[in-house]
Amino acid sequence: MSTVTGTPRFSQSRRLAIVLVLNIALIGGLVTVGITARSVGVLAAAGDTLADSVALALGLIAVGLRDRNVDHPGANKPVAIVALINAMILIAVTIGVVSEAIGRLREGSPAVLGLPMAIVSLITLAVMITGAFVLGFSAHREDIHMKSVLIDTLADAVAAAGVLVAGTIIWLTGGLYWLDPVIALVLAAVIGYAGIRLAIQAIAALRGADIDFDND
């Protein structure tokens, strides 16, 4: 891929930095609402957003290292390493969410405040859609890290929509609290799938495989 100013690669650091700021701005609100509303779904979104923020920060470093000498045979290795770290964090978040959600389903989900759950999820959905536009939907053709960030962002948007629906139903019905851990399990499935697939691709890239991102 060309490294001329104005190409997608040249603007990667700027786009990643903007998405990182958006993610960091969300974390505090998600954690606060997750605790006060007693929503494992919102807390799962907070954990995922934190994981994404760590991966984005590491990604900025990796992109900087790569762009020092893009023609070097191992120039993309830092990017693949960061993608693998991102995948491992996503898998760890998945395990934590599944454990908590199953525990709530077994013991009976506590009362959840649906309105704040819905509001923060709506804000999260808007932020993630904005992040996807900042990255550009062609980012998946740039490299494995940009693809991982775009996938994470879109998956987070879908998850936020699910939590929004669950929160709205809980708010309107004044019950059905079991929807919260159920939607958390769905969210965990999305996160886990993305994490496992990304890990497989990152390991393949580190072994020197030529990943065809256009056909994924």
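**Before you start**

Residues are numbered from 1 along each chain as its sequence is written, and side-chain values use heavy atoms, with hydrogens and water left out. Because the model is predicted, local features need pLDDT of at least 70 and side-chain atom pairs count only at pLDDT 80 or more, while totals for chains, interfaces and linings use all residues.

**Stop 1: the whole chain**

Show the cartoon. The chain has six helices and zero strands. Helices (H or I, at least four residues) and strands (E, at least two) are DSSP runs, numbered from the N terminus. Along the sequence the pattern reads α-α-α-α-α-α.

The accessible surface is about 10,100 Å² (Shrake-Rupley method, 1.4 Å probe). Carbon and sulfur atoms hold 69% of that surface. Of the 216 residues, 47% count as buried. Buried means under 20% relative accessible area, exposed over 50%, and partly exposed in between (1.4 Å probe, protein chains only).

Contacts are heavy atoms within 4.5 Å. Among contacts with a separation of 6 or more, 78% join residues 24 or more positions apart.

**Stop 2: the nonpolar cores**

Select Leu30, Val42, Val97, Met117, Val163 and Leu187. Of the 34 residues in the largest nonpolar core, these touch the most other members. Such a core is a set of buried Ala, Val, Leu, Ile, Met, Phe, Trp, Tyr and Cys residues joined through side-chain atoms within 4.5 Å. The elements that give this core two or more residues are α1, α2, α3 (77-107), α4 (114-135), α5 and α6 (179-206). The most come from α5, with seven residues.

Zoom in on Leu30. Which residues does Leu30 touch, not counting those up to four places away in sequence? They are Val42, Ala45, Ala46, Thr49, Val120 and Thr124.

Next, select Leu16, Leu20, Leu56 and Val149. They are among the nine residues of a second, separate core.

**Stop 3: the cavities**

Rolling a probe the size of a water molecule over the atoms shows where empty space is left. Here a cavity is a set of points, on a 1 Å grid over the protein atoms alone, where a 1.4 Å probe fits but cannot get out; lining residues have an atom within 4 Å of a point. Grid points are joined across faces, edges and corners, and a volume is the space filled by probe spheres set on the points.

The whole structure has four cavities of 30 Å³ or more. To see its lining, select Val19, Asn23, Asp52, Ala55, Leu56, Asn86, Val149, Asp152, Thr153 and Asp156. At least two lining residues each come from α1 (12-36), α2 (40-68) and α5 (144-173). The most come from α5, with four. By class, the lining has four nonpolar, three polar and three charged residues. Ala, Val, Leu, Ile, Met, Phe, Trp, Tyr, Cys and Pro count as nonpolar, Asp, Glu, Lys and Arg as charged, and the others, Gly among them, as polar.

Move to the second largest cavity, about 40 Å³ in volume. Select its lining: Ala45, Asp48, Thr49, Thr124, Asp156, Ala159 and Leu187. The largest share, three residues, comes from α2.

**Stop 4: two loop residues**

Most residues other than glycine have a negative phi. Select Arg38, in the loop between α1 and α2. Arg38 has a positive phi of about 60°. Its relative accessibility is 35%, so Arg38 counts as partly exposed.

Finish at Leu176, in the loop between α5 and α6. Leu176 has a positive phi of about 55°. At 38% relative accessibility, Leu176 counts as partly exposed.

Definitions and conventions: 1 Å grid on protein atoms, 1.4 Å probe; cavity = no way out; pocket = protein on both sides within 12 Å on 5 of 7 lines; lining within 4 Å.
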